[in-house]
Amino acid sequence: MSDVLSQYPEDALDKLARDKLDEIANVRLPRIVLEQEIATALGSFSYVAGVLSESRPPTYAILKLLMEATNHTMEAVGFREKVLGRTDEVSDWVGSGEGLSDRKNYELYRAMVRAAWEDDERIDEREGRMLEALRELLGLSMREHLLMEHHPDVRSIWDSGRAYESARNYLLSRGVVMAVGDRYILPDEVRIQVRHYWGMELHDADYRRLLAELTGRQLRDILEVNGLPLSGTKEERVDRIVEGLVPPSSALDQIAISDLKNLARSFDLKVSLSKAELVSQVIEAFNQPQPVGDQGEVENEAERLVKEPLRQLTKEQLHDLLSNFSGNQLYEILASLGLARSGSKSDRVDRLIGSRYSEHTLFNQLRRKDIVRACRKLGLAVTGLKNELIERLCSEPAAQLTETVEELVAPLAATEDFQVREQVTFQADAEALSSAPETPGLDSIKRAYPSLNEDEQIMLALAREARSLNERDVERLASRHGLGWMLPKARMADMLRKLSADNMSPIRIRSTGAANIYEWVDNPDCSRQQLDRWAARDIVDALRQGVVPERHLDMMFVGQEGARNHLIDQLEHVATGRSTFKFIRGAYGSGKSFMMSWLRDAALNAGFAVSTVRVSAEMSLADLSEFYLGLMDGLRVPEKRGASSLSDILEAWLLTMQQRTEQVEGLSTRRPADREYLVQLVRERIQEQLSQLASHDPGFAPALGAFYEARLVGDEEKAMHARAWLRGERSLPNAALKEIGVKGNLEPEQVLPRIRALLEIIESTHLRGLVILIDELELVRRRPHKNTRDRAYETLRALIDEVGENRLPRCLLVSTGTDTFFDDRRYGLASYEALYHRVCAPELTESFQSMRQPVIFLEGLNEERLVELAKRARSIHAQAYEWPAEQRFDDADLKALISKWTDFGGECIDRLPRPFLRQLVHVLDICEENPQISASECFADPEDDPQANLELMRLVGT
């Protein structure tokens, strides 16, 4: 897992961490810690089991192929065809019934599976439990269930044209399958848990090795007991047992205990065990062969058991407490402690109670999220570290906890939950307001920041006192000091905009996933100067790695003044309520991605929301629903540039509704007497606004309403479900959809109306509009199938028609493409005439191009511009590391280096800035670190640079 995660870029790692980090992780974690947190979640049986329980076919084929592949990795290209081919093979085999036992009632089970699928085209949690009970009654395994789902009678229900894409995307988004470069990977830790959940005690190859150790008579007995044909060679019998899905434990159980002991003795395993223990030991030996009898390990285990603390709870109390956990979570505890994991939930509870481990040791095997769920279920507080939660869980007998919960719930039974929670909130606020603590340093904050209102000044003073606040801190402080901030994230963003407008913000905002961290800066002016040095270092780091810097690109931009001025003009144009689109065209290496990054930075600085969508193997543009999900993943706002900002935009809109209501009605959230009435009025105003959105997207209004209600009462799970549906996620269970008042998933025909609804939300906030940047369109041309390319081009055409006809007001759509992408009549844009004619202007002259046409042509770097670019890079390096770069690496040295690259690149030098800048930074690094040497001593021949040669060959090839 660590090998795979180390190759993930920062944004992909943050996205993967979204539903896996503990709730307490509201700080920006170092990358190595973030990787460890993700690896812990993905290696958890309860997490993997939860993902697989909600998965859909052909998940089995996807994971089985990766299990069987060398190093458990396969190329993305052609993977779909392999999965569908394997799915067909399984369906044909199950449909024929050949090789399956004639003593198992597959027909009954298949009928039940089909009935479950027919209900709502999925198997929900309730149906899953019923099928689990039926499997236990019929003696079937989870793997046999998966195969029954592939029977032609059942497959006809779930097998749509998008079945593969839906299953693959779900597994990728949850991290069970990972993507690095152009390959899919099944990490070892995940693979083990998948096998456990599916009841695959051994890989097929290891199972065959085990069966090969048995005699022909023993194989015959196994076949006979399982109702399989007996004839054939030893190899044929082995294959029949494996393919007939006879579990290894069931097969070994047919062997006499004396023969099992002989088998164990031949592998130097213990023999003085019960039959069940012998079977388990032999299977484990073939699963992960390891030396046994290590006395040091035995001594360490004995020492650890001696130190095990005494239990606080009686057996009855521990039984009641363990019963609040799921069977998968109990499995997780047993597996982590090396205890037997088989049996029903009650068997697992009894096994844990009978073990020698304390409650703290038992619960410490689970993730913090699992402990939080148990605490919430028992009515306990859910804040604090994992050890604190475990202590809270174990501090009171489970019976008393249950009585406490019943006492709390009983008075609420006759009243609507929302109204009761509201009333409790208002009472707590009234008490807080009457006894609000003093705010240290408030007077000085009022003098320094007079433009803020009083509650903002209080929060700013508290931020200075605390030095750093996360969102929960802001919420708690606002409640404690009687500020009445019902939407704290939006209130903080509003305060930061006021400070930024006055050019005196002492708060720096950082993002971690969907959460924000607010840090106090003692000297904003000095900090800005210091930030310039670190900004310069960020640029140098990006150039050193051959990537485009994320911010401050003006420092590196040379040329393209006409294109940049025109794009700035387009931002002002769409801010008036119009929409337009642009293509940026240029040869490979001409700076298209650099221009897109510059435009992203410029648009954010100008007050726009921006979304960057990068075409890739996983996001081909062939599906509008996938495009929308990519649009949401890349969504950023000026106050939050490091993570998806959909939640911030929604809360900003809700705050606008609330503030307008306050102004019209003369109410204030700081007055407890006003708040109940204010909430009622705001709810009515939101419903009025949402009714207008219903014409665009019927589900948008109830989902956004549910988001508001959830944020108001602190129901984070409901808010998360509403936000997930609004951003186009397709993995929400039916119960969550019902809770937020919507049905189904986002279909392609609903995407454009959903974007129109989002633009109406944006228009009602402080944002000036939305800029959509689609980069790497060249990858569409490289898709192997014409149908996929055509659907991607059709997506582009639909978007262009929307903005061209002003149906997406306040939206600027910008895409990039190489010359080959535009001109290739077989695979490129020219192959799709419906789009090509909308984009390309008539050719009137070769000497002049109008910026007002849909396509902007980028100018390449000539030698003069390359010199200027090199000088800027040298100046930035000097600023980043505070050294006299211009003296140590003067203009003569710089021109000498450029001359080497000009001789190497010839006519293509204008398109090789990336490898040139990488070597330039390398030379500057060496000169700065070694004052005794001259710059010319560090020059290397470009022909010896593999990356430069690769890019030159690519240019020559194009």
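Predicted model: local features only at pLDDT ≥ 70, side-chain atom pairs only at ≥ 80, totals over all residues.
Me: How many disulfides does the structure hold?
Reply: A disulfide requires two cysteine sulfur atoms within 2.5 Å. For C375, the nearest cysteine sulfur is that of C394, at 9.0 Å, and C375 is in no disulfide. For the structure as a whole, the number of disulfides is zero.

Me: Is C375 buried or exposed?
Reply: The cut-off that matters here is that buried means under 20% relative accessible area. C375 has a relative accessibility of 0%, and therefore counts as buried. C927 likewise has a relative accessible area of 0%, so that cysteine, too, is buried.

Me: Which residues does I774 contact, leaving aside its neighbours within four places in sequence?
Reply: With neighbours within four places in sequence left aside, the residues in contact with I774 are M596, V613, V615, L621, F627, L796, L799, L813, V814, S815 and T816.

Me: Is α36 oblique or roughly parallel to α37?
Reply: Helix α36 (residues 646-665) packs with helix α37 (residues 672-693) at an angle of about 120°, and their axes are 9 Å apart. Angles under 35 degrees count as roughly parallel, over 145 as roughly antiparallel and 65 to 115 as roughly perpendicular, while the rest are oblique. An angle of about 120° therefore makes the relation of α36 to α37 oblique.

Me: Is the crossing of α36 and α37 left-handed or right-handed?
Reply: On the α36 side, the residues that meet the other helix include W653, L654 and M657, and on the α37 side they include Y677, L678 and L681. Where α36 passes α37, the crossing is right-handed.

Me: How far apart in space are T87 and L147, C-alpha to C-alpha?
Reply: T87 lies in helix α6, which covers residues 79-96, and at 1% relative accessibility T87 counts as buried. Leaving aside neighbours within four places in sequence, T87 is in contact with P58, A61, H150, R155 and W158. T87 and L147 are 60 residues apart in sequence, and their C-alpha to C-alpha separation in space is 9.7 Å.

Key
Residues numbered from 1 in each chain as written. Heavy atoms only, no water. Buried < 20%, exposed > 50% of the residue type's maximum accessible area, 1.4 Å probe, protein only. Contact = heavy atoms within 4.5 Å. Axes fitted to C-alpha atoms, helices over the stretch in contact; angles between N-to-C directions. Helix = DSSP H or I, 4+ residues; strand = E, 2+ residues; numbered from the N terminus. Left-handed = near helix turned anticlockwise from the far one by under 90°.
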